[in-house]
Amino acid sequence: MAGILKPPGNFALTPHKVSICILVQVYAPPSEISVPFPFSSVSHHNSLGIFLLSLTKACDSIFEPSLDELIAQLREIGGLLNHWLSDHLTSRLSSLASPDDLFNFFNDLRGILGGSDANVVDDDQIVLDPSSALGMFVRRCLLAFNVISFEGVCHLLSNIGTYCKESLSDCPPFELSHLDDSSNDPELEYESMELENFVFEKVSEEFEARKLANERVSFHSHAPGALFELVEDTDFAPSSSGEHIDRPREVSPCAPSTSDTLRGTDRPGGTFLRTNWQVQGYLSEQADAIEKHGSSFPLHAFESILKMLQKSAPELHRVHFLRYLNSLHHDDYPGALENLHRYFDYSAGTEGVEFVLAPSGCSGLGRYEIALLCLGMMHFHLGHPKQSLEVLIEAVQVSQQHSDDTCLAYTLAAICNLLSAIGFSNMTGIIGASYWPVAGIGTSSSIQQQLFVLLRRSLKRAESLKLKRLVASIHLEIAKFDLTHVQRPLLSFGPKASTKLRTRPANICKELWTSYHLISEFTDENAIMAVDGAFCTSWLQNLKKPTGLLVFSQENGTRGDSDSFKFSAQPSSIPGSVLHLLGSSYLVRAAAWEAYGSAPLVRINALVFATCFTDSSSSADAALAYAKLIQHLAVFKGYKDAFAALKIAEEKFLCVSKSIILLVKLQLLHERALHRGHLKLAQQLCDELGVLASPVTGVDMELKTEASLRHARTLLAANQYDQAAAIAHSLFCMCYKFNMQVQNATVLLLLAEIHKRSGNAVSGIPYVLACLSFCQSFNLDLLKASATLTLAELWLSLGPSHAKKALVLIHGAFPLLLGHGGLELRSRAFITEAKCYLAEPSFSVSEDPEMVLEPLRQASEELQLLEHHELASEAFYLMAIVYDKLGQLDEREEAAASFKKHITALENPEDKDNALSNLP
Amino acid sequence: MASKETCRTELRSAVRILSDRCLYSASKWAAEQLMGIEQDPTKNTPSHTRFQRGSSSIRRRFRTAASGDPSATPSAGVSYVSTPLMAGVEEYDYGAIDNDFYLLAKSYFDCREYRRAAHVLRDQISKKAVFLRCYALYLAGEKRKEEEMIELEGPLGKSDAVNKENVSLERELSTLRKNGTIDSFCLYVYGLVLKEKGSENLARTVLVESVNSYPWNWSAWSELQSLCTTIETLNSLNLNNHWMKDFFLASAYQELRMHNESLSKYEHLQVTFSFSNYIQAQIAKAQYNLREFEVVEVIFEELLRNDPYRIEDMDMYSNVLYAKECFSALSYLAHRVFLTDKYRPESCCIIGNYYSLKGQHEKSVVYFRRALKLNKNYLSAWTLMGHEYVEMKNTSAAVDAYRRAVDINPCDYRAWYGLGQAYEMMVMPFYALHYFKKSVFLQPNDSRLWIAMAQCYETEQLHMLEEAIKCYKRAANCNDREAIALHQLAKLHCELGHTEEAEFYYKKDLDRMEAEEREGPNMVKALMFLAKHCKSKKRFEEAEVYCTRLLDYTGPEKETAESILRGIRGEKLDVEHFPS
C-alpha cells in the first residue's frame, strides 16, 4: 500500500551464515587449550580468525558466495588443513538432515560464547567474547534462529540442501557445461531457468558484480597474505565497487573457469533472498554506477537482474527507479517514461528516500513533486526542452502547494540549468505567465534576464534551506552565466546605474571560489544531512552539465548502519557528490580560462580534474577533461601527439554516439583535413558532426554552432565565398536569436576572414571591429588578439601604406599571441609580421634580413608540425623571395623546393589517405 | 455448428469423463452447457437421459478419431465405472485391481489429499492413472507453493515460491509427449506446467494439441485463452473446427476488447445453447463493456431468476446497479450473495459497491480489501478501490491501487483513466496526460476519456487549447452521451476567435439539445452566440429567430435579446431606407 513502509528486513539466516558458524565453531571450540586441535600454530589459527572476521563483515552484502567459492577461499588460508576444513564444513552441512539437527547445532553454538563475566576465564582457554565482532555475529545468528518459526527452520534446512547440492553439481570446476550439469539435476535447471538467459549472455562479461567478484577471487589467489589488509579495509565484499568500477574497459572477458564458479553470486534474490537493507544498498550502488558510466553501463544484463529482483520482491519499488535510470541512460524513452511513472505511482516518491520524510511532514500526500522533477530532468536529458519546462513548472506549483521548499529549490535550480543549457529564443507561448516562477518581472524581459533573476533567487532559497551542495552548484551555474553574459540593468526605466557593459572575471572567480568552499564546510554537514539526504545529492551533478545524470541515491557514506554500502574508494569522509561538485568547479574554471584565452591555465585545470577527480565524477565529465587536454595538444603540439592521446582516451571511454570523445575526434580530423587541403573529406566530417546534434530547436546549440562554423570554414577553404558568407550570416542570426554573444564574436571574425580572403578588405574591417568590441566586453583576450591579427592583415591588404599601422597592431597583440596562441595563430602572426616588413617601403631586407627570416623560419617549422600546407607554402614562398633578394641561392632553392612540396600536397590531396576508415 | 443432439450427447459424455478425471470445473462448465441446450420435448426428461446415452454416443467418433474415442459404456448409475476410456486398447488391460487403485486415488483426490492420491497411483501405467497422478502432483505442488508464499513473505513482498513438482512433471510429460503416448488430459497438465514456467509458446502448442484431441475440456481452452494476449497469436493458433472453438473465440475476443465480434459469436452460440446461463452472462459482460447498461440489467434479472444462488459475474451486475444508482436492488443483491457465500471476492466486491453507493467509502474499502485478500489479482477490486480512495481524497493510495490494477492487466483502461484523474486532482495536469493518453489508446471510442483528456489540456496551467479541441473533436465523434464535447468545442473555438467553427458547433449543439429536449444554460449560451453572430454577419432573419427564442428565457439574456432585436430592426430600416 502506498505510504506504508515496511521495516527494513533484518538479519536473516542463510546457509552461508550457517557455514560461517560452523567455521567459527572450528575456530573457537569450547574449552580447549590455546591451539585447538586441527591447527598447527597460533598464526595458523589466527589466519582462520582473520578470514572469519572478513567473512562476517562481508555477510551484509548482497552477494553471498556459494559453497564452492567458500571452499576455494578456505583453501587459500587453510594451508595443510584445507582438506580437513572443507571436508569438515561439507560434512557438517550435510549432516544437518532434520530440523532437530539444526536446533542442536545452534545449541552447541551457544556453548562457544563466553559468559558476561568473561574476565574470570583462563588465559589458555579459548572463549569467544560475546561483544567481539565474531561473538556479535554468532549472537545475531542465535537470535535469528530463536525467532524463526518452524516453517522458517524447514526452509533453512531445504536451502542448506540446495546449497550443498549446488556445490556438488558444480564440482568439476573447469567445466563450463553448467547446463549439462544441471540437466542431471532437474530441480536446479528449473530454478535457474530465468538466470541462464543472462548468465550466458555475452554482455554478462561487462556486468559489474561478476567483474568485481572476479577481482576478488584473483586477489585471493595472487596474494593470500593481503588478507590482513582486507580486514583493515572493512569493505571486503563486492560492495567495494568503487575502486574497480572506474575501469569498465579494463576487465577482459572473464576466464571461463572463474565465471563458472561465480555463477552462484550472480543471483541476487535467486536462491536466497537478501534482506531489505542489502538489496537497497545494492540498488543505490548500482544507481551510482549507472550515473557514472552513462550509456556504457550494461543495459540488458542489469535489466534482467532487476526483473528478477522485482519478481522476487514485488514490494521493492526502488527497482522500478533503477530500471528507469537504466533505460534513461540508454536513451530508451518509452521504457524510461513507463518505469518512472510506475515507480512514483507505487511509492509516491517516499521509497528509496526511506529514512527521512519531508520536514513539513507531508507524508500523507506523497511526494509527487519529486516525480515531476525527475520527469522534467528526464525530458531534459533526452532533449525535449518544451516538455521539460512544462513539467518543471508544474513541479514548481506542486511543491509550492505542498510547501516542499527543498524540492522547490532543486526544481528552480533545474530550471536554471535547463534555461542555460538549452536555447529558448522566446519564452512567451511556452509558459502561461502567471505560473512562471519569476512572474514578477514579467515575460517581456529576455530569457537571460529571467535566468539571472532565477539564479539569484534560487541561490537565496538554497542558502536559507542550507542545501550546501545545491548552493555550490548554483554558484557554479552563476559563474557560467556570468562568463557569457554582460550584466545589464534589469529596469528599463528610471536612472540607469553606470554599469560597464562587460563581463567581470573577478566575479566568476569569486563564484568559483565560493563553490569550492563547500569542501571545508562539508565536515560539519552531517547534522544537516538528514534533511538533505532525503533528496539525494548526486543527481545534482546534473545541474552542472546537461550530460550529467540523475540519481536519487542516498548519502550512504556517512550512515553508520549501512557501512557495507560505502565505497572503499573514498577513504575520506567526503561523499562522492561533493567531490564531484569540486571536480566540476575545475571544469568550469578550465572553460573560463579557455574563454579568456589562457592556454596553460586551461591545461592545468583540466589536468587537475583528470588526475584528482575522475574517480568521483561521471565518465562524461572525465571525458570532457580528456577532450580539453587533447584539444590543447592538437593546437600546441600538432596532430600526431593529439591523435596518440585520442587513442588513449578512446580506450578509456566508450565511444558512443554524442560522446565528447567522438566529437573531439571529428573536430581533429576536420581540422587536419582542412589544413591538408582534403576538402571533400572535411565536408564529410563536417556533415557528420552536424548530424550528431538533435533536430529539436534549441537543443545541442553548441554542437550546431560548431558544425555550421566548420561548414563555413570548409567552404571558405574551397574559395566559395558566397556560400560561406551565407552560412556565416545565418549562423550569426541564430546566435543572435538565442543570445549567444560569445559565439557571435567568433562568427564575426569568420565573416571578416571571408571578406579578407575574397579580397574585399574594406568591407571586412567593420566585422573585425564589431568582433573586437564583443571581445572587449566579454574579456575574450585570445580571440581579441586573433581579431587584431586579422585586422592587421586587412590593413596590410589595403596597400603598403598601411603596413606600419598593421605592424603596430601586430606588435600590440604579440604578447598574447605568442604566449597563449596555438601553432596556427602564432605562425600566422609571424607571417603577417614578415609581410608587413616586406611591404613597408622604408624597410630594406638586405640591411636586416633576420627581422624577416627569423619569424618566417619559426612559422614554417610550426606549420610543418601542423601539416598546414597552405600557410606553410606561403611562408616558404616569402622565405624564397627574401633569400632571392639576399642573393643566397642555395637557401632560396631549398625554400622553393619546400614551397613546391607544400603546394603540390595542397593541390593533390588525394595522394594521401583520404578515407575516414584509414584515419586513426 | 453441430446439431443440438450431437452437442448434447458429446457434452453428456464429457461431463462424465471430466469428472471421472477430477477436472471438476471443466465438468461443471460442460454440465452447465448441457443444461443450456434446449430440451427436445419428444425425448425423455433430463433426469432420465443418462440412462439412454449409449446409442447416440457412437456418433462422436468422427470428430476425435485421432485421440481415440470415448465410448460410453453405460452401467447402472455408477458413474465412475461407466466412464468411457480414452484408448480402446487400454480399456482391456485395465484390470480390476488397477481400477481399484484408481478408485482409491480418486477418493483421496476428492478429499483434497493430493499427495496420497498420487502415491496410490505411483506404479499405474494406464493413461487415466498417469493423468490423475500428474494432476494430483501438480495440485499438491500448487498448494504447497501457496503455503510457502505466505511463509516466505518477507518485508519486500512475496518470495519467489515455485511449484516444486513442476520440474519432474515437465520431464515426465515431455517424455510422454515425445513417445506419443500422451493423452489430451496429460497435455493439459503439461500446458499448465509450461505456462507456469514461462515458456508460453510451447505451452500454447501443447494446449492446442490438447483441445484438438479432446475439445470438451473447457479448462484447457481457458488456459489457452489466457495465453493469447494479442489478436495475432490468437489468429496463429491452428485449431480444429469444432463448436467448442466458437466458445473459445468468443471469450478470447472479449478479452481482446473486440466486444462486437464476441457478441456476435455468443449470439450465434445462443441459437443452440439457448438456455445457457454462461452464454447469457458473457453476453451481459460484452454489453456491459459496450456500456449498454439497460440490456445488462435485463439479462442479469433473468439470470438471477433462473439461478438465484449464482455469484459468478454478479459483481458486474452490481456495477450496473451502482451506475444506475439502484440502492435497494444493490442492497438486495448484496444480501443475497452474502448469504450464499460471503468469502467470495465477487461477494465482497458487491458489498463494497453498495457501501460506495451509500457514500461510506471507508467501509467499502474494507470490503474491497477483503476481496483482494481472497484474490490478489482481482482486477476490478483494485480499480474500484482506487475509485474509493479518490472519493476519500486519498490520492496517493488511489494511485497505488490503480497502478496495481494496471500492472496486473496493462489493458485496463479504467485504471489508467483513474490514474490520470488522481493526478489531475493533485493539480498535475501535464503528468496526468501521460495516463489519459494510455487510456484513450486502449479505448479510443470512449468519449468520456477524450473529454477528460481535453479538460486536462484546457486547464489554466497548460492552456493548450488546440490540443483540447482535437480531443473534443474525437469525443464528439464517438457518441458523446452527455454532449459536453460539442458545447466545449463551440466555446473553445469562440475563445480562439474561430467564429465560423464556433457557429457550426453551436448550431450542432442546439440541434442536439432540441432533439433531446434539453434546456439549460448551454441552450441560452448557444442562442446568445448565434444571435450575436448572425447579427454581425448581417443575417438578420436568422438572428431574429434566435433572439425570439431567447425571449422565452428570463434574466439578463432576455434583455440582451431585446436590445439585439431592436438593433436589428434599426439596421434593417437603415438598409431599407438607404439601399446602396
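Residues are numbered from 1 along each chain as its sequence is written, and chains are lettered from A and ligands numbered from 1 in the order in which they are written. In this predicted model, local features need pLDDT of at least 70, side-chain atom pairs count only at pLDDT 80 or more, and totals for chains, interfaces and linings use all residues, while side-chain values use heavy atoms, with hydrogens and water left out.

The secondary structure of chain A consists of 42 helices and 0 strands; helices (H or I, at least four residues) and strands (E, at least two) are DSSP runs, numbered from the N terminus. Chain A has 920 residues, of which 56% count as buried. Here, buried means under 20% relative accessible area, exposed over 50%, and partly exposed in between (1.4 Å probe, protein chains only). Among chain A contacts between residues at least 6 apart in sequence, 69% join residues at least 24 apart, a contact being heavy atoms within 4.5 Å.

A search of the whole structure gave 0 disulfides over all chains, a disulfide being a pair of cysteine sulfur atoms within 2.5 Å. C407(A) is in no disulfide, and the nearest cysteine sulfur, that of C374(A), is 8.6 Å away. With 0% relative accessibility, C407(A) counts as buried. In chain B, the closest cysteine sulfur to that of C348(B) belongs to C349(B), and at 7.8 Å it is too far for a bond. C348(B) likewise counts as buried, at 0% relative accessibility.

Rings of Phe, Tyr and Trp (its six-membered ring) pair if their centres lie within 6.5 Å; planes under 30 degrees apart count as stacked, over 60 as edge-to-face and the rest as tilted. The ring centres of F321(A) and Y343(A) are 5.0 Å apart and the planes stand at 55 degrees, so this pair is tilted. Because F321(A) lies in helix 17 (residues 318-329) of chain A and Y343(A) in helix 18 (residues 333-347) of chain A, the pair ties together parts that are 22 residues apart in sequence. Both F321(A) and Y343(A) are buried.

Another tilted aromatic pair is formed by Y877(A) and F899(A), with 5.6 Å centre to centre and 45 degrees between the planes. Y877(A) belongs to helix 41 (residues 869-886) of chain A and F899(A) to helix 42 (residues 889-907) of chain A, so the pair ties together parts that are 22 residues apart in sequence. Y877(A) counts as partly exposed at 44% relative accessibility, and F899(A) counts as partly exposed at 26%. In chain B, one aromatic cluster is formed by F109(B), Y114(B), F131(B), Y135(B), F185(B), Y188(B), Y214(B) and W216(B).

Charged groups also sit over aromatic rings, a relation that applies if NZ of Lys or CZ of Arg is within 6 Å of the ring centre and within 35 degrees of the ring normal. The charged end of R589(A) is placed over the ring of Y586(A), 5.0 Å from its centre. K805(A) lies over the face of W795(A), and the distance to the ring centre is 3.9 Å.

T162(A) is located in helix 7 (residues 150-169) of chain A and is buried, with a relative accessible area of 15%. The T162(A) side chain reaches the backbone oxygen of S158(A) at 2.9 Å and that of N159(A) at 3.0 Å. From C-alpha to C-alpha, T162(A) and E477(A) are 56 Å apart in space, and they are 315 residues apart in sequence. T233(B) is part of helix 14 (residues 231-236) of chain B and is buried, with a relative accessible area of 19%. Not counting residues up to four places away in sequence, T233(B) touches R204(B) and C228(B).

In chain B, K393(B) has a positive phi of about 65 degrees although it is not a glycine. K393(B) occupies the loop between helix 23 (379-391) and helix 24 (395-408) of chain B and is exposed, with a relative accessible area of 63%. K538(B), also not a glycine, has a positive phi of about 65 degrees. The loop between helix 31 (521-536) and helix 32 (540-550) of chain B contains K538(B), which counts as exposed at 55% relative accessibility.

Note on methods. A polar contact is a pair of N or O atoms within 3.5 Å; within protein, one must be able to donate a hydrogen and the other to accept it, and residues adjacent in sequence count only if both atoms are side-chain atoms.
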